[in-house]
Amino acid sequence: MQPRNMSMSGVVDLAAVKAAQEAKAKAEQTRAEAARQGGTGAVAPADLVIDVDEAGFERDVLQRSAEVPVVIDFWAEWCQPCKQLSPVLERLAVEYDGRILLAKIDVDANQMLMQQFGVQGIPAVFAVVAGQALPLFQGAAGEQQIRQTLDQLVQVAEQRFGITGLTVDADAQPGGAAVQEHAGPYDAALNAAADALDAGDLAGAVRAYQNVLADDPGHPEAKLGLAQAELLQRVQGFDPQKVRQEAAENPKDAAAQIAAADLDLVGGHVEDAFGRLIETVQRTVGDDRDTVRRRLLELFEVVGPEDPRVVGARRALARALF
């Protein structure tokens, strides 16, 4: 199959100015957090090529695309052209020295992602920049053509979104950037947060968890606790009957659906909360759609990333987005 070239100019139409600003802010925040921890956030060359599945797509592709353009290689073991193209992409990913991240997706094991991207044949190569997906080419392209496409992608990511990529350290241990040492111990702060929750002092609990995360942004217990405390704080002054009535009367109102989803989750109706926001993502566009998506990601944090309901909802969200 001959490669089908796709123009880089389309990426500007796919991303609003606000999305570009948020992506730039996220990238700057990531670098600032690494600096606060006394590190550079550097990755090993081996970390520039990753295998991605449906469960990890949100984390490994969508979230990472705020830091670095993520190139997606759809492949399969039985695909002979893939065996020619994939090694070239892997070599170039390392050669580009952090300016791109290569995510390899086995279509046999991830049929849903293949359908979501509308892949008609493999090999197929896409990119995600600041959460925005765009096709690059299909078929076994030549190296010169691939380089030209990647150069355009890097240029758009930097100029339009302020995304400059990852810092690469040849001496770093593979996987080291993803595994952070917690600067704790934080037992006293976490106990204070738990005590504040028990006493109904939600603002105090939020502050305590934020104090931990200011020192260690990746601390899992503090992230979970903060998400839960903020959820309880949001619904504290709600009139449940009014919230649900407004949501029923305004199915396309992002704020109304978000408020109802918060109530759903507090009431233990996890699937209802997730389903409501996923449907709202499908009904809305622009800023409203992004606001709903971000709240859904926050609710995922409340329930926990390993929960099967979260895993299923992530897949449904990916279908709604793509």
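## Disulfide

The link between Cys79 and Cys82 is right-handed, with 80 degrees about the S-S bond. In this predicted model, the two sulfur atoms of Cys79 and Cys82 lie 2.4 Å apart. A disulfide is a covalent bond between the sulfur atoms of two cysteines. The structure holds one such link. Are Cys79 and Cys82 buried or exposed? Both Cys79 and Cys82 are buried.

## Overall make-up

The chain has 322 residues, and 45% of them are buried. Its secondary structure consists of 14 helices and five strands. Among contacts in the chain with a separation of 6 or more, 73% are between residues 24 or more positions apart.

## Nonpolar cores

The largest nonpolar core has 29 residues. The members that touch the most other members are Leu265, Phe274, Leu277, Leu296, Leu299 and Phe300. At least two residues of this core come from each of α9 (220-235), α10 (240-249), α11 (254-266), α12 (270-283), α13 (286-303) and α14 (308-321). Which of the helices gives the most to this core? It is α11, with seven residues.

Leu299 shows how this region is connected. Setting aside neighbours within four places in sequence, Leu299 is in contact with Leu231, Arg234, Ala261, Asp262, Leu265, Ala273, Phe274 and Leu277. Another core, of 28 residues, lies apart from the largest one. Val52, Ala76, Ile122 and Phe126 are among the members of this other core.

## Helix α11

Helix α11 is mostly covered, with eleven of its 13 residues buried. These buried residues are Ala254, Ala256, Gln257, Ile258, Ala259, Ala260, Ala261, Asp262, Leu263, Asp264 and Leu265. They pack against α9, α10, α12 and α13.

What caps the N-terminal end of α11? Asp253 does, with a side-chain oxygen 3.0 Å from the backbone nitrogen of Ala255. After the helix comes Gly268, which has a positive phi near 90 degrees. The length of α11 can be checked against its residue count: at 1.5 Å a residue, its 13 residues should span 18 Å.

## Helix α13

The buried residues of α13 are Asp290, Val292, Arg293, Arg295, Leu296, Leu297, Leu299, Phe300 and Val302. Of these, Leu296, Leu299 and Phe300 have already been named among the core members that touch the most others.

The same length check applies here. At 1.5 Å a residue, the 18 residues of α13 should span 26 Å, and this agrees with its end C-alpha atoms, which are 26 Å apart. Gly304 follows α13 and has a positive phi, near 115 degrees.

## Gln138 in strand β5

Gln138 is found in strand β5, which covers residues 132-138. Why is Gln138 classed as buried? Its relative accessible area is 6%, and the class takes in residues under 20%. Gln138 and Phe126 are twelve residues apart along the chain, and their C-alpha atoms are separated by 8.7 Å. Phe126 is one of the residues of the 28-residue core.

Methods. Residues numbered from 1 in each chain as written. Predicted model: local features only at pLDDT ≥ 70, side-chain atom pairs only at ≥ 80, totals over all residues. Heavy atoms only, no water. Disulfide = S-S within 2.5 Å. Buried < 20%, exposed > 50% of the residue type's maximum accessible area, 1.4 Å probe, protein only. Core = buried A, V, L, I, M, F, W, Y, C linked by side-chain atoms within 4.5 Å. Helix = DSSP H or I, 4+ residues; strand = E, 2+ residues; numbered from the N terminus. Contact = heavy atoms within 4.5 Å. Expected span 1.5 Å × (residues − 1). Polar contact = N/O pair within 3.5 Å; in protein donor to acceptor, adjacent residues only side chain to side chain.
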